Amino acid sequence: MTVAHLNQTLAAWSPAQLGLVGDVLEVVRAPHPVLAATGAPVDPLDPTMVALAADLVATMRVSPGCVGLAAPQVGISAQMFALDVTGHPKTRTCHGVFVLCNAVITEATRQEKAREGCMSVPDFTGDVKRATRLTVTGTLPGTTDHVTITTDAFEARALQHEIDHCNGKLFLDRVAGAHAVHPRKNYQ
């Protein structure tokens, strides 16, 4: 399968293909133990996992400022996350809304430090060093379609953040120390 075909597969995918409307789930907060556990690989054709994909999109969409949500954040130890950086001011490359199962980073370059926040750590943000160019592979839920995503800037950061959740890590695990953690500003 060519890279162009893989990109068309991702571009053609939408949450509507899951065939159901997801439920809005409660987001768990640190120090909930599921956030520190490595998620189990998932079968993207399993109806329970397809429903989870729809739930992740639904929960992400009703959460102000949310650009990504991983299964562990809703209390389920699984290798799945939803992402959508559309409209974020720091976005350069954007693949729209998508859900990936069993995602793996295959290439990461150009490290840069930037501020991150998280729905599971609502009171703090942190300065985290991450790759600004990234290639990730994974499978779309409800399909056997393996996709490769090559991206940069904010979408690359968001992908790494969600993959970290699937691997039992929070952004707090990646900060250089207490000096790199900041109280979250409340915007009204």
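This is a predicted model: local features need pLDDT of at least 70, side-chain atom pairs count only at pLDDT 80 or more; totals for chains, interfaces and linings use all residues.
Residues are numbered from 1 along each chain as its sequence is written, and side-chain values use heavy atoms, with hydrogens and water left out.

**Helix α2**

Helices (H or I, at least four residues) and strands (E, at least two) are DSSP runs, numbered from the N terminus. Helix α2 has 15 residues and reaches 21 Å from its first C-alpha to its last. That is close to the 21 Å expected at 1.5 Å a residue, where the expected span is 1.5 Å times one less than the number of residues. Of the 15 residues of α2, 11 are buried. Buried means under 20% relative accessible area, exposed over 50%, and partly exposed in between (1.4 Å probe, protein chains only). Among the buried residues of α2 are M49, V50, L52 and D55. The buried residues of this helix pack against β1, β2 and β3.

**Strands**

Two strands pair if DSSP finds at least two bridges between them. Strands β1 and β2 pair in the antiparallel sense over three bridges, and L69 stands opposite A82 in β2. Strands β2 and β3 also run antiparallel, joined by four bridges; here F81 has L100 in β3 as its bridge partner. In a regular strand the side chains alternate between the two faces of the sheet. Both faces of β2 are covered, with M80 and A82 buried on one side and F81 and L83 buried on the other.

Further along, seven bridges join the antiparallel strands β4 and β5. One of the paired positions is T139, whose bridge partner in β5 is H146. The two strands form a hairpin with six residues between them, and G142 in the turn has a positive phi of about 80°.

T132 belongs to strand β4 (residues 121-139). With 14% relative accessibility, T132 counts as buried. Its side chain reaches the backbone oxygen of R110 at 2.8 Å. Contact means heavy atoms within 4.5 Å. Leaving aside neighbours within four places in sequence, T132 is in contact with residues including T109, E112, T151 and D152.

**Nonpolar cores**

A nonpolar core is a set of buried Ala, Val, Leu, Ile, Met, Phe, Trp, Tyr and Cys residues joined through side-chain atoms within 4.5 Å. The largest one has 42 residues, and those with the most contacts inside it are L52, M80, F81, F98, L100 and L159. At least two residues of this core come from each of α2, β1, β2, β3, β4, β5 and α3. The largest share, eight residues, is supplied by α2. A second, separate core of 10 residues includes V28, V34, L35 and C118.

Leaving aside neighbours within four places in sequence, F98 is in contact with L10, W13, F81, A82, L83, I149, E155 and L159.

**Salt bridges**

The structure holds six salt bridges. A salt bridge is a side-chain nitrogen of Lys or Arg within 4 Å of a carboxyl oxygen of Asp or Glu. The table lists some of them.

| Residue | Partner | N to O distance |
|---|---|---|
| R92 | D152 | 3.8 Å |
| E116 | R157 | 2.7 Å |
| D164 | R174 | 2.6 Å |

R92 counts as exposed at 63% relative accessibility, whereas D152 counts as buried at 10%.

E116 in strand β3 and R157 in helix α3 are 41 residues apart, and both are buried. D164 in helix α3 and R174 in the loop between α3 and β6 are 10 residues apart. D164 is buried, with a relative accessible area of 7%, while R174 is partly exposed at 39%. Salt bridges that share partners join E116, R130, R157, D164 and R174 into one network.

Terms used. A polar contact is a pair of N or O atoms within 3.5 Å; within protein, one must be able to donate a hydrogen and the other to accept it, and residues adjacent in sequence count only if both atoms are side-chain atoms.
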